[in-house]
Amino acid sequence: MTHSTSHLTASERDDDHLHEECGIFGIFGHQDAAAHTALGLHALQHRGQEAAGIVSFDGEHFHSHRALGLVGDNFNSESMIRRLDGSRAVGHVRYSTSGETVLRNVQPLFADFEFGGLAIAHNGNLTNAYQVRRALVRQGCIFQSTSDTETIIHLIAISHYSTVVDRMIDAMRQLEGAYSLVALTQKKLIGLRDPLGVRPLVLGRLGDTHLLASETCAFDILGAKFIRDVEPGEIVVIDEDGVRSIKPFVKAPPRFCIFEYIYFARPDSVVEGKNVYAVRKCIGAELARESHVDADMVVPVPDSGVPAALGYAEQSGVPFELGIIRNHYVGRTFIEPTDNIRHLGVKLKHNANLAQLKGKRVVLVDDSIVRGTTSLKIVEMVRSAGAREVHMRVSSPPTAFSCFYGIDTPAQDELMASRFDIDGMARQIEVDTLAFLSLDGLYRAVGEARRNASAPQFCDACFSGDYPIPLTDRTEGPIPEQLSLLTEQD
Ligand code: SF4
């Protein structure tokens, strides 16, 4: 086997992952609402790094700041936070997939209605948004952005119901998809989860202040208490009278995104009643039970492979070692090296820990393989450091299908698992052996044995191809790249 020098640039490692598209946050009744929202969004930064926005309400006026870039780069001055006056706010971090990354798509979106102002921040993807948008354009609606969220806003605007909550229910009944959203009106903070609860949303409390967020880690940073998950299909309405719950959708068996446990959620979050770090360790233990191999050390691909590697090491009795060291000071803004420097084998983000790896039989644990390009480079790096054998163990089933529910995934034909069987993938990434966690093993690790392949408890479509929500826009034909009125042909 020949091995070329590995070249791992700053962004490659992250780019070979599925990406969560957004994180959302809402707060009602706190004098420092905007500052708390900025902190909450900072804790949710892993869910989206391309843009951030906050809209606040001071009892008379809404204030908004939205910008491309990280939360810390955009909400970093006292004067900026002071401009976002008021005791209520909603915020959003975004990793763009649906709608290109331009400022007009950055959320929260804000609109003036008959009933007053409304700001909406949305996480997920509407699977019939294009069909609904076409119908709205025919009725005369003029869209300002390419984001799904604007479709919700137009449906609310034309609804014949009188209250904002009823209008919102009316809008969401016409839409299909996987989503959580937070909305701010002059009187209320509203949180809503799709009927199958694919995307997460949690309710928290800080004294008399109520909070909504994608994950509990956004409460921890504020010293707030996690109260409960917003239920699938539930609307929570928070106002001066407290919290009210409405369940307007037909009850359906929930299908929470199982990938939140594998990679998306922060390990310190509690997701659907389970600590993500503990679940990831169980996943690693299950992986060791399913595909043990004799080896000298278990090495995580940092950072996301660490909890599963710990679980694997504990279960297998093979020592856990940090055989790859991550440089935490490589930001997204680091200038990519020129070709001249690149061919020196610059490893910006990871470096093999030579003293540990030389002559060893290594089990490399990673959370997923998407295109496989990064896995090959990591394996090359470990071999170049002198490892005698490299066995890759992946703490998820093969990702063979794209996600259409708010996660940025390459097209199916770019997914390594859709192009090769396990042996073929092992050859592609040049490992001695390769094994993935089985889907049943994943369910066991999450603590809920897969009851029935035809009625699973989670969304696992990127592994199984079983899409729980209709992909209406896709089955109706290709969606044009350019969504503006100018290209509307009908
Ligand atoms: Fe999550 Fe995969 Fe379902 Fe997408 S397809 S929602 S990533 S489980």
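Arg47, Arg199, Glu215 and Glu260 are joined up in a network of salt bridges. Keep in mind that this is a predicted model. Across the structure, the count of salt bridges comes to 21.

- Arg193 and Glu272 meet through their side chains in a salt bridge, at 3.1 Å from N to O.
- Arg193 sits in strand 9 and Glu272 in the loop between strand 16 and strand 17, so this pair ties together parts that are 79 residues apart in sequence.
- Arg193 is buried, with a relative accessible area of 0%, whereas Glu272 is partly exposed at 28%.
- Arg383 and Asp432 also pair up in a salt bridge, at 3.0 Å from N to O.
- Here helix 14 holds Arg383, while Asp432 is in the loop between helix 16 and strand 24, 49 residues apart.
- Arg383 counts as buried at 12% relative accessibility, and Asp432 is partly exposed at 38%.

**Another pair**
- Asp268 forms a salt bridge with Arg266, and their closest N and O atoms are 2.7 Å apart.
- Asp268 is partly exposed, at 36% relative accessible area, and Arg266 counts as partly exposed too, at 29%.

**Helix 5 against helix 6**
- Helix 5 (residues 129-138) packs against helix 6 (residues 148-158) at an angle of about 45°, and their axes are 10 Å apart.
- That angle makes helix 5 oblique to helix 6, and the crossing is left-handed.
- Helix 5 makes the contact with Ala129, Val132, Arg133 and Leu136, and helix 6 with Asp148, Thr151, His154, Leu155 and Ile158.
- Those contact residues split into 5 nonpolar, 2 polar and 2 charged.

Conventions. Residues are numbered from 1 along each chain as its sequence is written. This is a predicted model: local features need pLDDT of at least 70, side-chain atom pairs count only at pLDDT 80 or more; totals for chains, interfaces and linings use all residues. Side-chain values use heavy atoms; hydrogens and water are left out. Axes are lines fitted to C-alpha atoms, for helices over the stretch in contact, and angles run from 0 to 180 degrees between N-to-C directions. Helices (H or I, at least four residues) and strands (E, at least two) are DSSP runs, numbered from the N terminus. Angles under 35 degrees count as roughly parallel, over 145 as roughly antiparallel, 65 to 115 as roughly perpendicular and the rest as oblique. A crossing is left-handed if the near helix is turned anticlockwise from the far one by less than a right angle, and right-handed if clockwise. Contact means heavy atoms within 4.5 Å. Ala, Val, Leu, Ile, Met, Phe, Trp, Tyr, Cys and Pro count as nonpolar, Asp, Glu, Lys and Arg as charged, and the others, Gly among them, as polar. A salt bridge is a side-chain nitrogen of Lys or Arg within 4 Å of a carboxyl oxygen of Asp or Glu. Buried means under 20% relative accessible area, exposed over 50%, partly exposed in between (1.4 Å probe, protein chains only).
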